[in-house]
Amino acid sequence: MSKENLINLRNYLYGTLDADDMLWLADELKRRVQKKENIKPYTREELYAMIEESERQYANGEYFSTEEVLSE
């Protein structure tokens, strides 16, 4: 990910998370790096396949509305 994209992501998070959420996220990210987990980004093909599957599910009515999710 480019530095510009990372800065945009950081700025988005600043605008949406409160201080407690930011501290939690920082701890989670730090923990993952310390474990040295190999984080492999998705390929373009994998992303397109996920989008196609989501569109198929939506077309077949295999989804929940926001209201249904929130009521659970």
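This is a predicted model: local features need pLDDT of at least 70, side-chain atom pairs count only at pLDDT 80 or more; totals for chains, interfaces and linings use all residues.
Student: How do you know how far to trust the chain?

Tutor: Its mean pLDDT (the predictor's confidence in each residue, from 0 to 100) is 91, and 99% of the residues reach 70 or more. Residues are numbered from 1 along each chain as its sequence is written, and side-chain values use heavy atoms, with hydrogens and water left out.

Student: What makes a stretch count as a helix or a strand, and how many of each does the chain have?

Tutor: Both are DSSP runs numbered from the N terminus: helices are H or I with at least four residues, strands are E with at least two. By that rule the chain has four helices and zero strands. From the N terminus on, the order is α-α-α-α.

Student: Why is the chain called more spread out than a compact globule?

Tutor: The radius of gyration is taken over C-alpha atoms, and the globule rule is 2.2 Å times the number of residues to the power 0.38. For 72 residues the rule gives 11 Å, and the chain has 17 Å, well over that value, so the chain is more spread out than a compact globule. Along the principal axes, the C-alpha trace spans about 40 × 35 × 25 Å.

Student: What share of the residues counts as buried?

Tutor: Buried means under 20% relative accessible area, exposed over 50%, and partly exposed in between (1.4 Å probe, protein chains only). Of the 72 residues, 0% count as buried. The chain exposes about 7200 Å² (Shrake-Rupley method with a 1.4 Å probe; for residues, only the protein chains shown count as cover), and carbon and sulfur atoms supply 55% of that area.

Student: Why is phenylalanine 64 called exposed, but leucine 13 partly exposed?

Tutor: Phenylalanine 64, in the loop between α3 and α4, has 67% relative accessibility, so the residue counts as exposed. Leucine 13, in helix α1, has 23% and is therefore partly exposed.

Student: What makes Met1, Leu6, Leu9 and Tyr12 a patch?

Tutor: Patches are made of residues with over 30% relative accessible area and no salt bridge; like charges are joined within 9 Å, and nonpolar side chains (Val, Leu, Ile, Met, Phe, Trp, Tyr) within 5 Å. Leucine 6, in helix α1 (residues 3–16), is partly exposed at 44%. Together, Met1, Leu6, Leu9 and Tyr12 form a nonpolar surface patch with about 480 Å² of accessible area.

Student: How do you know that glutamate 28 and arginine 31 form a salt bridge?

Tutor: A salt bridge is a side-chain nitrogen of Lys or Arg within 4 Å of a carboxyl oxygen of Asp or Glu. The N to O distance between glutamate 28 and arginine 31 is 2.6 Å, and their side chains meet in a salt bridge. These two residues are three apart in helix α2 (residues 19–34), so about one helical turn separates them. Glutamate 28 is partly exposed at 31%, and arginine 31 is partly exposed at 42%.

Student: How many salt bridges are counted, and what makes Glu53, Arg56 and Glu62 one network?

Tutor: The count comes to four. Arginine 56 and glutamate 53 meet at 2.7 Å, N to O; both lie in helix α3, three residues apart, about one turn. Glutamate 62 also forms a salt bridge with arginine 56, with the closest N and O atoms 3.5 Å apart. Salt bridges that share partners join Glu53, Arg56 and Glu62 into one network. Arginine 56 is partly exposed at 36%, glutamate 53 at 33% and glutamate 62 at 43%.

Student: What span is expected for α3, and what comes just after that helix?

Tutor: The expected span is 1.5 Å times one less than the number of residues. With 16 residues, α3 reaches 23 Å from its first C-alpha to its last, close to the expected 22 Å. Just after α3, glycine 61 takes a positive phi of about 75°.
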